Amino acid sequence: MQVQDLEKIFQEKVDQEIKIEPRDWMPEAYRKTNLRQISQHAHSEVVGMLPEGNWITRAPSLKRKAILIAKVQDEGGHGLYLYSAAETLGMSREQMIDDLLSGKAKYSSIFNYPTLSWADMGAIGWLVDGAAILNQVMLCRTSYGPYSRAMVRICKEESFHQRQGFEALLVLSRGTAEQKAMCQDAINRWWWPSLMMFGPKDSESTNSDQSIKWKIKRKTNDELRQSFVDMIAFQVKVLGMTLPDPHLKWNEERQHYDFGEINWDEFWSVVKGNGPCNKQRLAARRKAHEEGAWVREAAMAYAEKKAAREKQKAA
Amino acid sequence: MKIQIRKFHYGDIPEEKAGGQTSYYKSTEQSWPLWEVFIRSKQGLDHKHAGSLHAADARMAIENARDVYTRRQEGISIWVVESKNIHASDPSESESLYEPAADKIYRHPSFYDLPEEVKHM
């Protein structure tokens, strides 16, 4: 069969909402795009453990500590689901980890911002996980089967992350003047980076959108960003706090909130490695990987020894 | 075939824009084998494929599966199988394997019209 025919069959399947599975024929660019997107998503989950892990020992109560540990553990699990999905596309786990540690592969820039106060844990849950959920709910319907299944599993666990964040801020928003100020400060610092999570504006895209045609993605960056702004602009009122954007205003005609321009120079600067914590995050990952090497080797040596012994016994 | 994807999505920054280093970080470690995990959600139901993970041996695979796939009471029993031991049918053969079943409607009970007096058959 000719490549054009295979591509036609492939596109027909996608159009009919038939999921693509690992052993099905797929265009090389589809494989590559998925591989890049899923592995970056996996890296984001893993690096995402760092800013929050920073506060586990300093959580204000045992309850909050237990919640934070559970959330960070979930993120490790999400990383695993996603790495597994990416592996079905033909790249080894080691290769993906190597690419992360060498700085070749990217992860979500949001995790290159520091977590300065306890209120940041709330703001991350509410804003960062809130933004991630919009993207992830859409990805539950992505065309690549293993990615879609991983997303369904992740979404089931993720809503607790957003709710606990909002609730943590709610408690602060009803607290002392100092706690209120801390809450507002965290929102101020996390608002714009959260908006950047959706990526560049649609108008920055010069080509027709292949990802949408292949149903890897089903909504554009701007569409997702707008739903996020609408959702958060409403919820922030419940907290009695404000968002740091003087241009934020309900637009009766559009039935959406208008909002100000994102600082795109900052966006690209952080993507390119010059954010406040890029070096620190990668250094932490490298250290964990290197210092864990002996554990991985020992476990393998033990498993091999045990297998050899059993073989000997059987003989 | 060359398809350029120029649109950048969340978690999807193209390499030429990302400014990543070219220096290579290469581990020489031998990797743990891959395992497929099957979970029985409750007594009386089948084990169902839940996902996969890497582990040095079966015991570690079960322990890791417990940590990763049953944190919210999703299971009461776990099977693990090393992925290399799973054999799968070939997608290119699906026509010859599964389509013949499509025209055998007489295999289904609804194919048979029975008088109404015959209840519950």
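**View 1. Lining of the largest pocket in the predicted model.** The residues that line the largest pocket divide into 16 nonpolar, 9 polar and 16 charged, where Ala, Val, Leu, Ile, Met, Phe, Trp, Tyr, Cys and Pro count as nonpolar, Asp, Glu, Lys and Arg as charged, and the others, Gly among them, as polar. This pocket has a volume of about 1,400 Å³, and of its 41 lining residues A:Arg149, B:Glu36, B:His49, B:Ala50 and B:Gly51 lie nearest its centre. Two or more lining residues come from each of helix H4 (62–87) and helix H7 (145–173) of chain A and strand S1 (34–40), strand S2 (47–54) and helix H3 (94–98) of chain B, with H7(A) giving the most, 7 residues. Pockets are found on a 1 Å grid over the protein atoms alone, as open sets of points where a 1.4 Å probe fits, with protein on both sides within 12 Å along at least five of seven lines, and lining residues have an atom within 4 Å of a point. Grid points are joined across faces, edges and corners, and a volume is the space filled by probe spheres set on the points. Helices (H or I, at least four residues) and strands (E, at least two) are DSSP runs, numbered from the N terminus.

**View 2. The second largest pocket.** About 1,000 Å³ of space lies in this pocket, which is lined by 30 residues, with A:Arg93, A:Ile97, A:Arg285, A:Arg296 and B:Trp32 nearest its centre. The largest share of the lining, 6 residues, comes from H5(A), and by class the lining has 12 nonpolar, 10 polar and 8 charged residues.

**View 3. B:Glu82 in strand S3 of chain B.** B:Glu82 lies in strand S3 (residues 77–82), which runs antiparallel to S1(B) and is joined to it by 6 bridges; strands pair if DSSP finds at least two bridges between them. B:Glu82 counts as buried because its relative accessible area is 19%, the limit being under 20% (1.4 Å probe, protein chains only). B:Trp35 stands opposite B:Glu82, and B:Glu82 touches B:Pro33, B:Leu34 and B:Trp35, not counting residues up to four places away in sequence, with contact meaning heavy atoms within 4.5 Å.

**Notes.** Residues are numbered from 1 along each chain as its sequence is written, while chains are lettered from A and ligands numbered from 1 in the order in which they are written. In this predicted model local features need pLDDT of at least 70 and side-chain atom pairs count only at pLDDT 80 or more, whereas totals for chains, interfaces and linings use all residues, and side-chain values use heavy atoms, with hydrogens and water left out.

Note on methods: Buried < 20%, exposed > 50% of the residue type's maximum accessible area, 1.4 Å probe, protein only.
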